[in-house]
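Biologist: I am new to this one. Please take me through how to read it, feature by feature.

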Amino acid sequence: MEFVLKTNNLVKRYGGFTALSGLNMNVPKGAIYGFIGKNGAGKTTLIRLICGLQNPTAGSFNLYGTENSDRNIAKCRKRMGAVVETPSIYLNMTAEENLKQQYLVLGLPNYDGIKELLDLVGLSDTGKKKAKNFSLGMRQRLGIAVALAGNPDFLVLDEPINGLDPQGIVEIRELILKLNREKNITFLISSHILDELSRIATHYGFIDKGFLVKEMSAEELDNACRKCIRVEITKPEALTQVLDEMGIDYKFVSDNVADIYSKPNVTQLTLSLADKGCEIISLKEQDESLESFYIGLLGGENNA
Ligand code: ATP
């Protein structure tokens with residue numbers, strides 16, 4: 001697998017305070033990587049380091065395989081765009097003027113591509129309207145357009161849906177999906193709300209107190225949150241045989257306890273097991289929702 005970003009025991013201290021404590025994370029090329037953690041967990045700190053806004057105290061990271069200590073890292077950063085904290089846009093300028101300004105800053109030879117960028121983020125109809133009169137969602141989309149100037153293939157968005165209304169959230173989600181699918185842009189998106197990213201993320205990194213507690217794919221998260229029936233029985237071999245015959249997906253969690261991943265016909269299951277001399281000791285529905293998964297991993301108050 002090819003990785004856009006890898007960190008290796010990355011540490012950042014602010015005076016005596018350790019914001020990142022040996023962070024190891026891996027963002028695969030083409031991913032929408034949800035970087036999830038409560039407020040103060042260290043998400044923005046990581047983003048500041050990879051954007052070159054601050055230096056690590058210890059450890060390292062690499063972008064597209066280039067180490068942060070390599071002098072070519074600046075060149076690699078040109079392939080990366082970011083919206084950190086608030087979008088860096090000029091409020092007294094129109095959307096087009098903002099993009100022209102960014103093109104000048106980047107030293108791009110002409111303004112080709114600005115119209116396409118405005119179309120892409122759904123701001124081509126804003127004409128003379130200044131950014132100060134935009135909704136928060138429009139400002140966020142303009143911030144993304146500015147970050148896209150120069151054609152990066154890796155976009156880093158820090159809490160992009162913070163404060164947006166439901167319509168704004170849908171628009172940003174759709175824009176991210178479109179850029180990922182049509183332009184092959186890899187995303188690193190920080191958020192403190194797992195549910196917000198769960199509809200689009202392909203990978204997750206969960207951060208708590210500067211540590212990466214868990215890194216997993218969307219499929220692994222789905223499996224971890226799958227509804228199942230947990231059954232405790234006296235004869236595991238009988239359960240295996242019966243479930244195999246019924247074509248039902250299951251997993252043993254201990255010698256005599258298994259999770260069954262689709263709703264079996266309980267009467268049929270009970271009778272078939274009884275036939276083989278196997279008793280059911282207990283049977284209950286398990287429902288690990290996204291929220292309880294989050295709380296189990298990072299502790300309560302995911303909106304904190
Ligand atoms: P949030 O969603 O609140 O931005 P976060 O996960 O992005 O949370 P960071 O901004 O990375 O968190 O901050 C991590 C910790 O480091 C916090 O406790 C914060 O107070 C501390 N911190 C961040 N920047 C500095 C700084 N320049 N000096 C001292 N402490 C800092």
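Modeller: A pocket is found on a 1 Å grid over the protein atoms alone: it is an open set of points where a 1.4 Å probe fits, with protein on both sides within 12 Å along at least five of seven lines, and lining residues have an atom within 4 Å of a point. Grid points are joined across faces, edges and corners, and a volume is the space filled by probe spheres set on the points. The model is predicted, so local features need pLDDT of at least 70 and side-chain atom pairs pLDDT 80 or more, while totals for chains, interfaces and linings use all residues. Residues are numbered from 1 along each chain as its sequence is written, and side-chain values use heavy atoms, without hydrogens or water.

Biologist: What volume does the second largest pocket have?

Modeller: About 300 Å³. It is lined by 18 residues, with Tyr103, Glu116, Leu117, Leu148 and Asn151 closest to its centre. Helices (H or I, at least four residues) and strands (E, at least two) are DSSP runs, numbered from the N terminus. Helix 4 (114–120) gives the largest share of this lining, three residues.

Biologist: How many residues line the largest pocket?

Modeller: There are 24, and Met80, Gly81, Ala82, Gln102 and Leu106 lie nearest the centre. Two or more lining residues each come from strand 7, helix 3 (95–106) and helix 5, with helix 3 giving the largest share, five. The space in this pocket is about 640 Å³.

Biologist: In what order do the strands of the open sheet lie?

Modeller: Two strands pair if DSSP finds at least two bridges between them. Here six strands form the open sheet in the order 7-8-9-4-10-11, with mixed pairing. Strand 7 (80–83) and strand 11 (211–217) are the edges; each has a single partner strand, so one side of each has no neighbour in the sheet. Angles run from 0 to 180 degrees between N-to-C directions of axes, which are lines fitted to C-alpha atoms, for helices over the stretch in contact. Neighbouring strands in this sheet are turned by 15° against each other on average, direction ignored.

Biologist: Which strand does strand 8 run parallel to, and how many bridges join them?

Modeller: Strand 8 (residues 154–158) is joined by five bridges to strand 9 (residues 186–191). Phe154, for one, has Thr186 as its bridge partner in strand 9.

Biologist: Which strands does helix 5 touch?

Modeller: Contact means heavy atoms within 4.5 Å. Helix 5 (residues 136–148) packs on the sheet, touching strand 7 and strand 8, and makes about 155° with the direction of strand 7. Helix 6 (residues 166–183) lies across strand 4 (32–36), strand 8 and strand 9, at about 155° to strand 9.
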